[in-house]
Amino acid sequence: MTQTTSKPIETVAIIGAGVIGSSWAALFLANGLTVAASDPAPGAEEHMRAFVEQAMADLRRLGYEGSGELTFAGDAREAVSKADFVQENGPEREEIKVELLAELDAAAPPHAIIASSTSALLRSKITVKCTTPERVIVGHPFNPPHLVPLVEIVGHSPDSDAVRRAEAFYQSVGRETVVLKKEAVGHLVNRINSAVWREAVSLFQQGLADPADIDRAITAGPGMRWPFLGPYEMYHLGGGEGGIAHYFEHLQPIQEERWKDMPTPQMDDAFRREIVASVQERFAGKSIAELAKRRDERLLALLGIRDKLKD
Ligand SMILES: NC(=O)c1ccc[n+]([C@@H]2O[C@H](COP(=O)([O-])OP(=O)(O)OC[C@H]3O[C@@H](n4cnc5c(N)ncnc54)[C@H](O)[C@@H]3O)[C@@H](O)[C@H]2O)c1
C-alpha cells in the first residue's frame, strides 16, 4: 500500500526532458524545489538547461522568486530515488508508458506520488504493471506547463490520498486543478480540443475557409471570451434575460442541426500535405522557437491581467 504521509514535497523527479518535462522543471525550480531529471536522448540535459533558463526568467516576471537546484541523473531510477513527487513526461505511447511507470513505481520511495503528463492515455491501462498503482495518477498539463495554469488530475478514485496530495501540491506551485470524476481517453479538455480541431480541419476540407482565416476567426471571436468564460456560462449569457433555460428553448434546435452536420474529416495523405503547405507558407521565415517566444510573451501579458478577472 502507498504510505499516507505529511512529508512536504521538496524534491521532484522529471522523467523525460522534452517540451513538457523541461517546462515542468522550470516551474518547480522557480518554486524553490529541487529537481532531478533524466532523459536518454543525447543532448537532453543541455537542451533542458537552456529552456529552463529562459522559462525561469519569464516566471520571475510573474513573481516566482525560487531558484531550486537542477541535477541530471544517469537514468530514471536514479532520478526518482530521492523524489517526493515524480512527473513523467516520456513519449505518448501506451507500451512505453506501461514499462516506464512500472520502473518508476519500483524505484521511487514509498511515499512518492507518480504523475504522468499523458495527453490522452487511460490511467487504468498505463498502470497495469505497477505494483502500487494507487499512487500513480494522471497530472495532465497544458503546453507550456510553466505558464498555462490548468492541470487535470485522474486518480484511482477522485478522493484518493494520491489525488488529494497531488492537488495540494500542484496548487502550491501556482497551478489550477480539475479532478476528473472518472477516466476517459483525452481526459476532459483534450476531448474539447479535439472537437474544436476536428471542426477546424473539416471546415477547411469542406472549403469554407483557409486555415489562417479559421485561426483568425477563433482568436478575434470566441477566443476573446475563453480566458474568462467557459461554454456553460457563455450559453447562459447567450440566452439573454432568460439565461440558459431560454437558450435551450430558443436556440438548441439549431444547435442540434449543427451537431448533425459535423462530419469527421478524411485525413488522407494529400489532405494532410495541403494543411502542412498552408501552415508552412503562412509561417515561412519564422522558426518554432520564435513562434513559441511570441506565444509566451502573449501568455505572460494575459496572466498579468487574469488575476484581476477572477471572481
Ligand atoms: N506537447 C504537448 O503539447 C503536450 C501537452 C501536455 C501533455 N503532453 C504529454 O507530455 C508527454 C511528453 O510529451 P512532449 O511533448 O514533451 O514530448 P517530447 O518528445 O518533447 O519529449 C519526450 C521525451 O521523453 C524522452 N524519453 C524517451 N524515452 C524515455 C525514457 N524511457 N525515460 C525518460 N525519458 C524518455 C525523449 O528522449 C524525449 O526527450 C507525453 O505524454 C505527452 O502526451 C504533451
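Is G32 buried, partly exposed or exposed? Select G32 to start: at 43% relative accessibility it counts as partly exposed, because that value falls between the 20% and 50% cut-offs. The model on screen is a predicted one.

**Stop 1: around G32**

G32 sits in the loop between α1 and β2. Show what surrounds G32: leaving aside neighbours within four places in sequence, it is in contact with G66, S67 and G68. Then pick A73, which is 41 residues from G32 in sequence. In space, G32 and A73 are 19 Å apart, C-alpha to C-alpha.

**Stop 2: P40**

Follow the chain to P40, in the loop between β2 and α2. P40 is exposed, with a relative accessible area of 85%.

**Stop 3**

Now colour the protein by domain. Residues 11-179 make up domain 1 and residues 189-309 make up domain 2. The centres of the two domains, taken over C-alpha atoms, are separated by 28 Å. Where they meet, 16 residues of domain 1 are in contact with eleven residues of domain 2.

**Stop 4: the largest nonpolar core**

Select I14, F28, M48, F85, I137, F169 and Y170. These have the most contacts inside the largest nonpolar core, which has 38 residues. Elements giving two or more residues to this core include the strands β1 (11-15), β2 (34-38), β5 (113-116) and β7 (150-154). Helices on that list are α1 (19-30), α2 (44-61), α6 (161-172) and α13 (288-309). The biggest contribution is from α1, with seven residues. Both domain 1 and domain 2 give residues to this core, so it lies between them.

Which residues are in contact with F169, leaving aside its neighbours within four places in sequence? They are I9, V12, F28, L33 and F85. Another core, of 18 residues, lies apart from the largest one; among its residues are A13, A76, L104 and V136. In soluble globular proteins, nonpolar side chains tend to be buried together.

**Stop 5: salt bridges**

The structure holds 18 salt bridges. Begin with R49 and E45, whose side chains meet in a salt bridge at 3.0 Å, N to O. The two residues are four apart in helix α2, so about one helical turn separates them. R49 is partly exposed at 35% relative accessible area, and E45 is partly exposed at 27%.

Next select R77 and E103, a salt bridge in which the closest N and O atoms are 3.8 Å apart. This pair links distant parts of the chain: R77 is in helix α3 (residues 76-80) and E103 is in helix α4 (residues 94-107), 26 residues apart. R77 is partly exposed, with a relative accessible area of 42%, and E103 is partly exposed, with 27%.

R216 counts as exposed at 54% relative accessibility, while D213 counts as partly exposed at 39%. Finally, select D58, R61, K293 and E297, which are linked in a network of salt bridges.

**Stop 6: a surface patch**

Return to helix α8 (residues 211-220) and select I218. At 30% relative accessibility, I218 counts as partly exposed. With I192, V196 and W226, I218 makes a nonpolar surface patch of about 350 Å².

**Stop 7: S202**

Select S202 in helix α7 (residues 189-205). S202 counts as buried, at 2% relative accessibility. Beyond neighbours within four places in sequence, S202 is in contact with P263 and P265.

**Stop 8: two backbone details**

Most residues other than glycine have a negative phi, and most peptide bonds are trans. Where is P144? P144 is in the loop between β6 (136-141) and β7. A cis peptide bond joins N143 and P144, with omega about -5°.

End at H187, in the loop between β8 (176-179) and α7. The phi of H187 is near 55°, a positive value in a residue other than glycine. H187 counts as buried, at 3% relative accessibility.

Terms used:
Residues are numbered from 1 along each chain as its sequence is written. This is a predicted model: local features need pLDDT of at least 70, side-chain atom pairs count only at pLDDT 80 or more; totals for chains, interfaces and linings use all residues. Side-chain values use heavy atoms; hydrogens and water are left out. A nonpolar core is a set of buried Ala, Val, Leu, Ile, Met, Phe, Trp, Tyr and Cys residues joined through side-chain atoms within 4.5 Å. Buried means under 20% relative accessible area, exposed over 50%, partly exposed in between (1.4 Å probe, protein chains only). Domain bounds come from an automatic or database domain assignment. Contact means heavy atoms within 4.5 Å. Patches are made of residues with over 30% relative accessible area and no salt bridge: like charges are joined within 9 Å, nonpolar side chains (Val, Leu, Ile, Met, Phe, Trp, Tyr) within 5 Å. Accessible areas come from the Shrake-Rupley method with a 1.4 Å probe; for residues, only the protein chains shown count as cover. A salt bridge is a side-chain nitrogen of Lys or Arg within 4 Å of a carboxyl oxygen of Asp or Glu.
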